[in-house]
Amino acid sequence: MPEAILMKGNDAVGEAAVIAGCHYYFAYPITPQNELAAYMAKRLPDVGGTFLQAESEIASINMVLGASAAGVRAMTSSSSPGISLKQEGISYLAGCKLPAVVVNMMRGGPGLGNIAGAQGDYFQATKGGGHGDYRNIVLAPSSVQELADLTVLAFDLADTYRMVAMILGDGYLGQMSESVVLPEPTGKRFDKSSWSITGCAGREARYIASLRLSPEDGLEKIVLDLQDTYDKVTAREIRCDTYHCDDAEVVLVAFGLAARICKAAVNALRAQGVRAGLFRPITLWPFPSQALLETAGKTRHVLVVEMNAGQMVEDVRQALGDRTPIDFYGRVGAMLVEVERIVEKVKSYA
Amino acid sequence: MKLVYDRTLGLKDVPTHYCPGCGHGIIHKLLGQVIEELGIRERTIVVAPVGCSVLIYNYINTDGLESAHGRAPAVATGLKRVLKDRIVISYQGDGDLMAIGTAETIHAANRGEHISVLFVNNAIYGMTGGQMAPTTLAGQKTKTSPFGRDPAEAGFPIRACEMLATLEAPVFIERCAVDTVRNTLRAKKAIRKAIQNQVDGKGYSFVEFLSMCPTNWGMSPRKAAEWVGETMAAYYPLGNFRDR
Amino acid sequence: MGKGRPEIDRERCKGCELCNMVCPESILRMSEGFNHKGYHYSECFDPDRCTACMSCAVICPDAAIRIWRRAAIPAGDGASGTGGGKRDA
């Protein structure tokens, strides 16, 4: 019987990365994810890994690029302003088809914002952030257990599809301590010898680059191939969760921490005889449009709850069209959404 | 007759896109020769910058990895930390190394990363059509200093070797030029030392080359070579700044 | 007959004239005609006076010059070769 231990969210990400065989971690301090860097600094020497505090978030994402090109699992982490700095590097990783895991423990923004948890980077994570026609796989944990589980998953997804997988957490999740059963390694093996940059002994010299200047070089073909990959990811890797949706008349849609709060709201509503349910996307990209349609397409009302000014709600509207009325409740400035407000709103649809 | 000077196997046998008289061609050739002579071709990785030499991986006959503008030392760090026994060379121009990449340049040097950094200083931004660089000389006319660089507005040109020489960790720092045969042969020795240091596991090495950019300086290659020797070298003295 | 001679790849030459500039014997000049890229290319007009000093080959940015030397003359004037590719005519 695997043992449950009490772990802080940021620490759980670190331990999960080590479980997944990630031995290279490059980062720069930023609140509210500093515990992760401190954890990796202490933990990686145990496994002969490399911890490096870089001079900036820009440097660290580029170190990840170099390490990934060498054929190993590498990770960096930051929080919203630092993730903004990493956008160029993420675009380059995408253009080079290099796998990597990037952890964003979101905080209040825009600008320097504040250091509390928020959900304001949904657009940045799922709609680009960096330049060009690329996508990242975006995973939204809503508990410390999920931080651990999804981090292990992220490395496998990144390697399978040779792309960036992002863990989109927030400051609260990173700081909270909960009971965790640490995941087992999945044991998946990935042979990177056909493309990694290791020196050309025994083979032709090769290079990895995202520059494709001439028509013969085929930037168009490269980008179309990327879209092909993204289609495969969309077909195979969508993950979502439902809670009390089978007979729900009102479906809440939320991710991450907001989904936790919505769960409490669903419980409160059910106790009052209101048939509420929660649809929780776990992959924000690819977005579970079909599952959402099946779950909420025929309900009386949908309420999207986010800790931002309304970001995921756009994807919800796109998925559901005008099949059902869609309302939005959000808090900005890293304020928490409130159970009482959610309950009030849902009851108002009666 | 015996062939005593041939094209090196360290270079791919292809024409380059560089302008006539560009210093990159000379430096690439020296680098290729050193790689061949040290027998390290199969374990060398060149990290490419953004700038005229963005396509260096098409010319040097080793594995290559592109990096974003200025990030080559960070990318090289990631590579070398994983592949400790490979020879990782970062090859950069003045914008890459001393404008956008200043932080990466200083910190890779400060950490003493076991890489060899080759800095091609032609006092201008070549690829983008001749804008002012951090190393453009005072009074030098460029597309973005059309009346001559004014230090009161744009600051003074930065001397990379002298700046890095204030750091503890680097084991080799030298400034060379490729304007004359004599200087070019010295430059080759410096490249060899910089790379041998990595082979020997000694630490971080840095070589700066004063190099010609005839096209953007608006000079013939001959005049450009003279300008390197007479004008550039007066502000950027050639010589060694660290040799442990 | 000279101590050596330069073999200049006229199609690789970009007409930069650096070799002309550095030749201590001044036996290089630019051609009247053009190569396929439209450059005047460098040519040696008096190979008998070539000393195989390798200066032109060293400075050439396009690695367009190879140097032949008569076997009887020992090397040793400081200009190093490539380490590879030495062979007889």
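1. Chain C contains 2 helices and 5 strands, where helices (H or I, at least four residues) and strands (E, at least two) are DSSP runs numbered from the N terminus. Read from the N terminus on, the elements of chain C follow the order β-α-β-β-α-β-β.

2. Please keep in mind that this is a predicted model, in which local features need pLDDT of at least 70, side-chain atom pairs count only at pLDDT 80 or more, and totals for chains, interfaces and linings use all residues. Residues are numbered from 1 along each chain as its sequence is written, while chains are lettered from A and ligands numbered from 1 in the order in which they are written.

3. Of the 89 residues in chain C, 45% are buried, a residue being buried if 20 or more other C-beta atoms, placed from the backbone, lie within 10 Å of its own. Among the contacts in chain C with a separation of 6 or more, 69% are between residues 24 or more positions apart, a contact requiring C-beta atoms, placed from the backbone, within 7 Å.

4. In chain B, strand 4 (residues 87-93) is mostly covered, with 7 of its 7 residues buried. In a regular strand the side chains alternate between the two faces of the sheet. Here B:I87, B:I89, B:Y91 and B:G93 point one way, B:V88, B:S90 and B:Q92 point the other way, and all are buried.

5. Strand 4 of chain B runs parallel to strand 2 (residues 44-48) of chain B, to which 4 bridges join it, and B:I89 is the bridge partner of B:V46. Strand 4 of chain B is also parallel to strand 5 (residues 116-121) of chain B, with 5 bridges between them, and B:Q92 has B:F119 as its bridge partner. Two strands count as paired if DSSP finds at least two bridges between them.

Conventions. A residue is buried if 20 or more other C-beta atoms lie within 10 Å of its own, exposed if 12 or fewer, and partly exposed in between; C-beta atoms are placed from the backbone. Two residues are in contact if their C-beta atoms, placed from the backbone, lie within 7 Å.
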